[in-house]
Each structure stands twice: as C-alpha cells, then as structure tokens.
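Subject: The model we talked about

Hi there,

Here is the structure I promised to pass on. Have a look at it first, and then read my notes below.

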Amino acid sequence: SGSSVHPVSTAAGGSRTCRPSGRAVRIRCSRIPGISRTTDTGLTGLAGTVVVVGTPLFSDGFEVSEWNGRWVEDSQNDWFRATDQKSEGSYSAAVRGRAADATLTMKNSVDLSPYSGAILIFKSHTLGLDSGEYVARDVFSNGSWHQNVKLLYTSIGYALDYWNREAVDLSDYLSNDFKIRFRGRMDWSGEIGYVDDVWILGFGT
C-alpha cells in the first residue's frame, strides 16, 4: 500500500529500506535471499552488503480500486482487496479459501530485456495455512510460465505477527514479455494469504 519507504528482507531477519528518488531506487540491505551481492552496476556473486540502484518498472500497493486495470483474476475470483491486514496504507491483495490455485496476474508485461539484472520486491503475510497450502509467486518469461519461483506459506496454523519482506533475483528472466502472478491454494475461508507493495526494478542497462 503506498509509501515512500519500502522495507525488504534480510537473511538474518532484519530489514533496511528502499527509497524512491526520481527514476532510481536505492536498496541497502544484507544478504537479500536469492542474491549474493549487488552493486550499482549489477550482480557480482560475492557475499556481503547489498546495494541496488534500479529503475522502477512496476509498482503497486493495491490502493486504487480493485486491481486498477493492472491485474486480472482467473475464473475462481478468490482474490480481493483486504483491509484487515496491510503492510502500509489501507489495502493489500488477498486470497481466501477455498482456492484451488486461484491466480492474480499482471495484466501487462514488463520489458526486462534492456537490463543486465532485475529484482522483484514484495511483502507477504499468511493466516492459518496448513501443510500443502501456499501462496506461490510464478513468473512468465520468453513465452512460458515458471511456477513456484517463490512459495509463501506457513504450517503454524495461526496468524504470523509480522509481514515477510521478499526480494527475488530476476536475472534468469530478462525477457520483453515478463509478468508475475500470485497463486493461492487453501481449503477453507479462515485460511488467507496476503501480498502488498509489489515492485519490479531493472538495473545495469
């Protein structure tokens, strides 16, 4: 949900922030999952502090109407804008059971082909998911869907008291037809998955 400061996760469980500034976003954190190290020019493959300077290519905090012409659902229509759990602002996107891989998909593709690297940042939260239930994040690239690039779930059976901050390296998907979708599977109405504050950044042109 909209803000000028967007935390991202660290492997150790802490967080730093990324602050939009004009066309560039700078993200500083330690050991972002999926990325060993990045610098202002791209991935280096070295462990250590992470600094990403990227161009925002897509962002949505789900604050402006239901999907705002930016997302489409499948025929199950199990996704909705939620107000009970949100990272910032007033809304998040949520999926509630029963849902059999119900999807929320970016309507329009993003061109990652001019960039040498890209990163997806988003926040997630789950409530009551059992083993085998999840919210998955899939990517579409070069004409094909790649499933389970990121699985979000908990088998604890009750609400987590925090939002997870996720950062995913997209360097293997630098196509001109890139999309993401969130896909939820859960059995009953008390089981819910939430996502919020979605960003896609390109860097290293």
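Residues are numbered from 1 along each chain as its sequence is written, and side-chain values use heavy atoms, with hydrogens and water left out.

**Confidence**

The pLDDT (the predictor's confidence in each residue, from 0 to 100) averages 75 over the protein, and 69% of the residues score at least 70. Over residues 1-51 the pLDDT is below 50, although this stretch has 138 contacts in the model beyond near neighbours in sequence; a contact means heavy atoms within 4.5 Å. Strand E5 (residues 42-43) has the lowest confidence, with a mean of 33, and E7 has the highest, at 98. Where pLDDT is low, the predicted coordinates should not be read in detail.

**The five-stranded sheet**

Strands here are DSSP runs (E, at least two residues), numbered from the N terminus, and two of them pair if DSSP finds at least two bridges between them. An open sheet is built from five strands in the order E7-E10-E15-E12-E13, with antiparallel pairing. At its edges are strand E7 (71-73) and strand E13 (144-152), each pairing on one side only. On average, neighbouring strands of this sheet are turned by 25 degrees against each other, direction ignored; the axes are lines fitted to C-alpha atoms, and angles run from 0 to 180 degrees between N-to-C directions.

Strand E12 (residues 134-141) pairs with E13 in the antiparallel sense over six bridges, and Arg-137 has Lys-150 in E13 as its bridge partner. Gln-147 also belongs to strand E13. Leaving aside its neighbours within four places in sequence, Gln-147 touches Asp-138, Arg-181 and Arg-183.

**Around strand E9**

Strand E9 (92-96) is mostly covered, as four of its five residues are buried. Buried means under 20% relative accessible area, exposed over 50%, and partly exposed in between (1.4 Å probe, protein chains only). E9 runs antiparallel to E8, joined by four bridges, and Ala-82 has Ser-92 in E9 as its bridge partner. Four bridges also join E9 to strand E16 (residues 192-203), again antiparallel, with Val-95 standing opposite Gly-193 in E16.

**Residues to look at**

Which buried residue has no salt bridge? Asp-78, in the loop between E7 and strand E8 (79-82), is buried without one, and the nearest side chain of opposite charge, Arg-96, is 8.1 Å away. A salt bridge is a side-chain nitrogen of Lys or Arg within 4 Å of a carboxyl oxygen of Asp or Glu; Lys and Arg count as positive and Asp and Glu as negative, while His and the chain ends are not counted. Contacts of Asp-78, leaving aside its neighbours within four places in sequence, include Glu-73, Val-95 and Arg-98.

Arg-98 is joined to Gly-97 by a cis peptide bond, with omega about 0 degrees. Arg-98 lies in the loop between E9 and strand E10 (99-106).

Trp-67 has a positive phi of about 80 degrees although it is not a glycine. Trp-67 is buried, with a relative accessible area of 7%. Asp-101, found in strand E10, has a positive phi of about 60 degrees and is not a glycine either; Asp-101 is partly exposed, at 21% relative accessible area.

Best wishes
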